[in-house]
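Here is a short briefing on a protein model. Look over the sequence and the fold, then read the points below.

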Amino acid sequence: MIERYTLPEMGRVWSDAHKYELWCRVETLVVEAHAQAGTIPAEVVEPIRKAPPPTPERVREIEAVTQHDVIAFLTAWADNTEPREAAAYVHFGMTSSDLLDTALAVQLVEATDILLEKADRLVAVLRDHALEHRNTLRVGRTHGIHGEPDVWGHRVADFAFAMARSRDRLRRAREAVGVMAISGAVGTYSNIDPAVERYVAERLGLKPADVSTQVVMRDGISEWISALAIMATVCEAIALEVRHGQRTEVRELWEPFGKGQKGSSAMPHKKNPIMSERLAGLARIVRAQIVPVLEGIPLWHERDISHSSTERIALPDASIALDYMLNLTIKLMSGLVVDAERMRANLESTGGLIYTSTVLLELVEMGMSRDDEAYPLVQKAAMETWETGTPFRETLRKHAAAAGLTLDEARLDEVCRPERFVERLGPVFDRLAALS
């Protein structure tokens, strides 16, 4: 991921320097386990433990010759070991994937914890914003068309619960990727005792794979990348709502716009929803990683490294992009401007058409058949309002009179009251208030 969208903490997780620190840690734990079992000399442990990780530059220099990243790392690290002879016992009984998959599991867990912390914060921001606007009336839309009265807090509550579910989904996926294996060339423990695997797993906070044939099956990582994609798409759903709300014709919502900020190089009046649009673009990057990672589950007879090149790009890019997205969505919702007056004006802009559903039911209760009498009458009145701008109550009264029907105006006053439509949302906001 390019530097523009990389936050420091997550960038550190996926840096080459940190990767080699983890590789050293894994190899050192394996050496410790062997030494405790008496498999290798105990005196080599301390020199290996003290050897500093090799620099990424040195590893790249050696890899240019060896064309093998793990061998390049082991060579560079051996050069840092005193006495160098102690390094002969590094990687004892292991295969490359033992090191790679185990260290990767640590990185995935570290990345997940960063994402979960931000997801917790975003859930809280969404919850509090929704509760603040539980009485902010606005029109509810379906297909982009005005439907019935609603409150802004109801819409945001949907996002809050969706983000909470996404967070919980990612928590479960954390367990799926916190899996390692140190089982040798084809996973049969031919040259390494399973006790070594258990020793390393315990100290890294990971779980040994139930079975490994050298490469840990990628279904767990696929679950993880899918959880990231879903969370990113929930962020995009929030962003899309803001983008619609900030359209000039709507003008109900505004992204935070800082002092000195410019909206357009050509049109000084512009205040564009750039944060939301950035979220929409980055969500595509996260979602795009699902299929390549899924295709790492089937490998050539019986193992290969076709998954490796994909994951070097997909896993860092997805988690770095989502980390940035969560941070940006928190800023977006924390600074979002809600124009309650404009929401009310839009609610009233169709001359009462938003009350057709309750008027329909009222006519049915008066004894009219729904499909043959009530619906056609209300629809004709509504279409005349659409076409002429005449308030709906007037067109309704006209068409009712033509049908020989006298309307109860006091009753219509009640059913056309916008607050009436949201009176039963109390339990939703009670559940929301308990969300954490």
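**Briefing**

Glutamine 67 is exposed, with a relative accessible area of 63% (exposed means over 50%, buried under 20%, partly exposed in between, using a 1.4 Å probe and protein chains only). This is a predicted model: local features need pLDDT of at least 70, side-chain atom pairs count only at pLDDT 80 or more, and totals for chains, interfaces and linings use all residues. Residues are numbered from 1 along each chain as its sequence is written, and side-chain values use heavy atoms, with hydrogens and water left out.

**Backbone exceptions**

- Most residues other than glycine have a negative phi, and most peptide bonds are trans.
- Glutamine 67 has a positive phi, near 55°.
- Its place is the loop between helix H4 (56-66) and H5; helices (H or I, at least four residues) and strands (E, at least two) are DSSP runs, numbered from the N terminus.
- Tyrosine 189 is not a glycine either, yet its phi is positive at about 60°.
- Tyrosine 189 sits in the loop between strand E3 (179-180) and helix H8 (194-204), and is partly exposed at 27% relative accessible area.
- A cis peptide bond runs from glutamate 82 to proline 83, with omega near -5°.
- Proline 83 belongs to the loop between H5 and helix H6 (96-132).
- The bond from histidine 301 to glutamate 302 is also cis, with omega near 0°.
- Glutamate 302 is in the loop between H11 and H12.

**Salt bridges**

- The structure holds 37 salt bridges (a side-chain nitrogen of Lys or Arg within 4 Å of a carboxyl oxygen of Asp or Glu).
- Arginine 49 pairs with glutamate 32, with the closest N and O atoms 3.0 Å apart.
- Arginine 49 lies in helix H3 (residues 45-50) and glutamate 32 in helix H2 (residues 16-37), so the pair ties together parts 17 residues apart in sequence.
- Arginine 49 is partly exposed at 42% relative accessible area, whereas glutamate 32 is buried at 14%.
- Aspartate 69 and arginine 312 meet in a salt bridge at 2.6 Å, N to O.
- That pair links distant parts of the chain, 243 residues apart: aspartate 69 is in helix H5 (residues 69-79) and arginine 312 in helix H12 (residues 306-334).
- Aspartate 69 is buried, with 11% relative accessible area; arginine 312 is partly exposed, with 47%.
- Arginine 303 and glutamate 302 form a salt bridge at 3.1 Å, N to O.
- Salt bridges with shared partners join Arg138, Arg141, Arg155, Asp158, Glu241 and Glu252 into one network.

**Helix H10 and its cover**

- Buried residues in H10 include Met275, Ser276, Leu279 and Val286.
- Their cover includes helix H9 (219-246), helix H11 (290-294) and H12.
- Serine 276 has 0% relative accessibility and counts as buried.
- Serine 276 touches Ala239, Val242, Arg243, Glu255 and Leu332, leaving aside residues up to four places away in sequence (contact means heavy atoms within 4.5 Å).
- Serine 276 and leucine 332 are 56 residues apart in sequence, but 7.9 Å apart in space, C-alpha to C-alpha.

**Recorded domain**

- An unreviewed UniProt entry lists residues 351-433 as "domain: Adenylosuccinate lyase C-terminal"; such annotations may be inferred rather than shown by experiment.
- The span of residues 351-433 is 66% helix and 0% strand, with end C-alpha atoms 35 Å apart.
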